[in-house]
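Here is a walk through the inside of a protein model. Keep the structure in view as you read.

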Amino acid sequence: MTIIKVPEQHFPKAELGRRAMGLGIDFLVTWLISSVFGSGEYGVQFLQIFVFITVWLILRVILPYNNKGQSLGRWAVDLKVLDLQDLEFGRGRIPSLLSLAKREAIIGLCLLLVSIAIANIRRNPTAILLVIPLVIDCGAAFSDTQARLALHDRFAGTMIVSSRRGYSLDLKIKRLVETMRQNMRR
């Protein structure tokens, strides 16, 4: 009997810029849908918050669970979320529904505070302080140079990796910007 070494599957870590773009796309879609249900007044709008939470959970928990770990924003920039424990064993499995729910509850709460800050910034400039939880949560990914895990990733045991399946919006934007630069130089 011979022992055959099976090569480990390598999952490239996602760059922080691409992660931010994917998160930004998902936040923008969720915020635009929930803002339709706002009354236009200042303050906290409970219906708008309920719609934000519902759309966020659908977009970031249900959709990735059924779509190989990709939400709309992650699909646009070729990213997916995987279970961190399975990555250690060389497997790339999508996290459980509970892990995705934990992960997205944390980042969703931070982004809900950001949306409240955006809605109230003109009347109350101190609303900008509601961005601090998001900065703390995502700031952990900047300090972690090896695994690039944010606090919500550490808590849920997940990791964002690059994918070959998606729209490659970030690459298309880079090409468009480069073409514009070349045209302006002429």
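**Inside the model**

The lining of the largest cavity has seven nonpolar, six polar and no charged residues. Here Ala, Val, Leu, Ile, Met, Phe, Trp, Tyr, Cys and Pro count as nonpolar, Asp, Glu, Lys and Arg as charged, and the others, Gly among them, as polar. A cavity is a set of points on a 1 Å grid over the protein atoms alone where a 1.4 Å probe fits but cannot get out; lining residues have an atom within 4 Å of a point.

This is a predicted model, where local features need pLDDT of at least 70, side-chain atom pairs count only at pLDDT 80 or more, and totals for chains, interfaces and linings use all residues. Residues are numbered from 1 along each chain as its sequence is written, and side-chain values use heavy atoms, without hydrogens and water.

The largest cavity holds about 120 Å³ of space. A volume is the space filled by probe spheres set on the points, which are joined across faces, edges and corners. Among its 13 lining residues, Q48, I49, S115, I116 and A119 lie nearest the centre. α5 gives the most to this lining, with five residues. Helices are DSSP runs (H or I, at least four residues), numbered from the N terminus.

Now turn to the second largest cavity. Its space is about 30 Å³. Its lining includes K13, R19 and R148. By class, that lining has five nonpolar, no polar and three charged residues.

Methods. On a 1 Å grid over the protein atoms alone, a cavity is a set of points where a 1.4 Å probe fits but cannot get out, and a pocket is an open set with protein on both sides within 12 Å along at least five of seven lines; lining residues have an atom within 4 Å of a point. Helices (H or I, at least four residues) and strands (E, at least two) are DSSP runs, numbered from the N terminus.
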